[in-house]
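Take a look at the protein below. We will begin with a single residue and then widen the view.

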Amino acid sequence: MALATVAAQAAADKKATDILLVDVSERLAITDVFVIVTGANERQVGAIVDAVEEQMRAAGCRPPRREGQRDGRWVLLDFVDIIVHVQHPEERVFYALDRLWKDCPVIPFTDRALAGTDAERGDRTGDRTGAEAEAEAAIVTDPEAVHTP
């Protein structure tokens, strides 16, 4: 699961949106985690793909099998235990992978850049009421709560 976070953070560093980590290990024998992210346009999709590959290679993962690079609208990176889907917004809405796998557990992910911003503002879980923290956790972990453009 740690490698899924590496892939998600690499995507976040390139301004990917709607980052979702889905634990599919109980449903699929071929992989454990789907990392699903959105890139605003074909160029950004390519930049996200390159960053994910670079960071995963640095973490010791073998180079992936890559599908869909030519069109740049939905690129799949197969790292065996982790499959990264980088989608253009229209493909994300049309194929709705997050709805397809909504019965699978979501792995919490927080972008380091956003976590740093929250800490600077003083937005810590301890500063909120239990109900506020629970509501935020439900939004983060509920695939139905994922917004797609």
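**From one glutamine to the whole chain**

Setting aside neighbours within four places in sequence, Q44 is in contact with K14, K15, A16 and G39. This is a predicted model. Q44 sits in helix α2, which covers residues 42-58. A polar atom of the Q44 side chain lies 2.9 Å from the backbone oxygen of K14. Is Q44 buried or exposed? Its relative accessibility is 15%, so Q44 counts as buried. The cut-off for buried is under 20%.

Now turn to strand β5, residues 82-87. Here 6 of the 6 residues are buried, so β5 is largely enclosed by the rest of the structure. I82, V84 and V86 point one way from the strand. I83, H85 and Q87 point the other way.

Which strands pair with β5? Strand β2, residues 33-38, runs parallel to β5, and 6 bridges join the two. In this pairing, V35 stands opposite V84. Strand β4, residues 74-78, pairs with β5 in the antiparallel sense over 5 bridges. There, L77 has V84 as its bridge partner. The hairpin of β4 and β5 has 3 residues between the strands. In this hairpin, V80 takes a positive phi near 70°.

Along the sequence, they follow the pattern α-β-β-α-β-β-β-α-α-β-α-α. Of its 149 residues, 38% count as buried. The chain exposes about 8,600 Å², and carbon and sulfur atoms supply 52% of that. Among contacts with a separation of 6 or more, 60% come from residues 24 or more positions apart.

Methods. Residues numbered from 1 in each chain as written. Predicted model: local features only at pLDDT ≥ 70, side-chain atom pairs only at ≥ 80, totals over all residues. Heavy atoms only, no water. Helix = DSSP H or I, 4+ residues; strand = E, 2+ residues; numbered from the N terminus. Buried < 20%, exposed > 50% of the residue type's maximum accessible area, 1.4 Å probe, protein only. Contact = heavy atoms within 4.5 Å. Areas by Shrake-Rupley, 256 points an atom, 1.4 Å probe, with all protein chains shown as cover. Polar contact = N/O pair within 3.5 Å; in protein donor to acceptor, adjacent residues only side chain to side chain. Pairing = 2+ DSSP bridges.
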